[in-house]
Amino acid sequence: MTLKFTRLQIALIGLCVLLALILGYELFAPLSDAAPAQTPLRTHVLAVAPPAIFTPPPPETFAEIDERSIFNPMRTRIAPSGIAADNAETGTSLPADLSLVGIILDGERKMALLKSAAAPAVVSVTEGGVIDGWRVSTVLRDRVVFMAAGVRQELKLSDNKPNATPPSAAAAADKPSDDQ
């Protein structure tokens with residue numbers, strides 16, 4: 001059996017042999033000592049200014065940001081706690097828009113659920129906690145007692161429930177009728 005090669009196959013075999021010889025030379029040839037090129041040294045020193053000392057802006061600069069909580073999706077202003085505390089210390093009453101929407105009694109833990117028109121959600125306050133400058137002194141099953149500067153006020157849970165009968169109907173029911 002004789003092998004016949006085409007010209008293309010012979011050319012490819014020759015190229016492979018040539019590449020094999022070059023690879024062998026690169027692998028086994030002695031390496032010449034390569035000296036890196038010498039670069040001239042700089043004789044002058046560059047002057048570098050020290051970084052400026054950072055001084056933060058005064059806190060008053062962020063007053064607008066602090067008044068609008070990032071956790072409030074509406075980004076409405078939060079009433080400063082000093083105003084509510086001042087109202088409580090002067091003996092004024094609880095905020096008119098504050099209402100008691102629920103009470104949680106769990107053993108020793110007592111909590112009142114309060115809603116205000118200014119707040120988008122119900123706020124829970126434990127017994128002894130403070131809301132709008134008023135301390136929650138007692139949480140009972142039907143009412144919450146608040147104290148501030150010696151003034152005592154109550155919020156009743158029943159204040160939020162609509163009357164079963166309108167006041168005019170209740171007065172008419174109590175009144176004796178003329179037919180009897």
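Predicted model: local features only at pLDDT ≥ 70, side-chain atom pairs only at ≥ 80, totals over all residues.

Trainee: Okay, Leu-3 then. Is Leu-3 buried or exposed?

Mentor: Leu-3 is exposed, because its relative accessible area of 64% lies above the 50% cut-off.

Trainee: Let me zoom out. What's the overall make-up in helices and strands?

Mentor: There are 4 helices and 7 strands. Read from the N terminus, the order of elements is α-α-α-β-β-β-β-β-β-β-α.

Trainee: How much of the protein counts as buried?

Mentor: Of its 180 residues, 13% do. The accessible surface comes to about 15200 Å², with 62% of that belonging to carbon and sulfur atoms. As for contacts between residues at least 6 apart in sequence, 32% join residues at least 24 apart.

Trainee: Now the confidence. What's the mean pLDDT of the protein?

Mentor: The mean is 77, and 78% of the residues reach 70 or more. Element by element, helix 1 has the highest mean pLDDT, at 95, while helix 3 (residues 81–89) has the lowest, at 43.

Trainee: Where does pLDDT stay under 50?

Mentor: Residues 80–90 are one such stretch, and there the model has 11 contacts beyond four places in sequence. Residues 169–174 are another, with 1 contact of that kind. Where pLDDT is low, the coordinates should not be read in detail.

Trainee: How many bridges join strand 4 to strand 5?

Mentor: There are 2, and strand 5 covers residues 134–139. Val-130 has Arg-135 of strand 5 as its bridge partner, and Ile-131 stands opposite Trp-134.

Trainee: What phi does Asp-132 take in that hairpin?

Mentor: A positive one, near 50°. That hairpin of strand 4 and strand 5 has 2 residues between the strands.

Trainee: And how many bridges join strand 5 to strand 6?

Mentor: There are 4, again with the strands running antiparallel. Those two strands form a hairpin too, with 3 residues between them. Val-139 and Val-144 are a facing pair there, Val-144 being in strand 6.

Trainee: Last topic, charges. How many salt bridges does the structure hold?

Mentor: It holds 3. Arg-143 pairs with Asp-142, with N to O at 3.2 Å. Arg-143 also forms a salt bridge with Glu-154, where the closest N and O atoms are 3.6 Å apart.

Trainee: Which strands do Arg-143 and Glu-154 lie in?

Mentor: Arg-143 is in strand 6 (residues 143–148) and Glu-154 is in strand 7, so their pair ties together parts that are 11 residues apart in sequence.

Trainee: Which side chain does Arg-152 meet in a salt bridge?

Mentor: That of Glu-154, at 3.2 Å from N to O. Through shared partners, Asp-142, Arg-143, Arg-152 and Glu-154 are joined into one network.

Trainee: How accessible are Arg-152, Asp-142, Arg-143 and Glu-154?

Mentor: Arg-152 counts as exposed, at 52% relative accessibility. Asp-142 is partly exposed at 35%, as is Arg-143 at 25%, and Glu-154 is partly exposed at 32%.

Key: Residues numbered from 1 in each chain as written. Heavy atoms only, no water. Buried < 20%, exposed > 50% of the residue type's maximum accessible area, 1.4 Å probe, protein only. Pairing = 2+ DSSP bridges. pLDDT = per-residue confidence, 0-100. Contact = heavy atoms within 4.5 Å. Salt bridge = Lys/Arg side-chain N within 4 Å of Asp/Glu carboxyl O. Areas by Shrake-Rupley, 256 points an atom, 1.4 Å probe, with all protein chains shown as cover.
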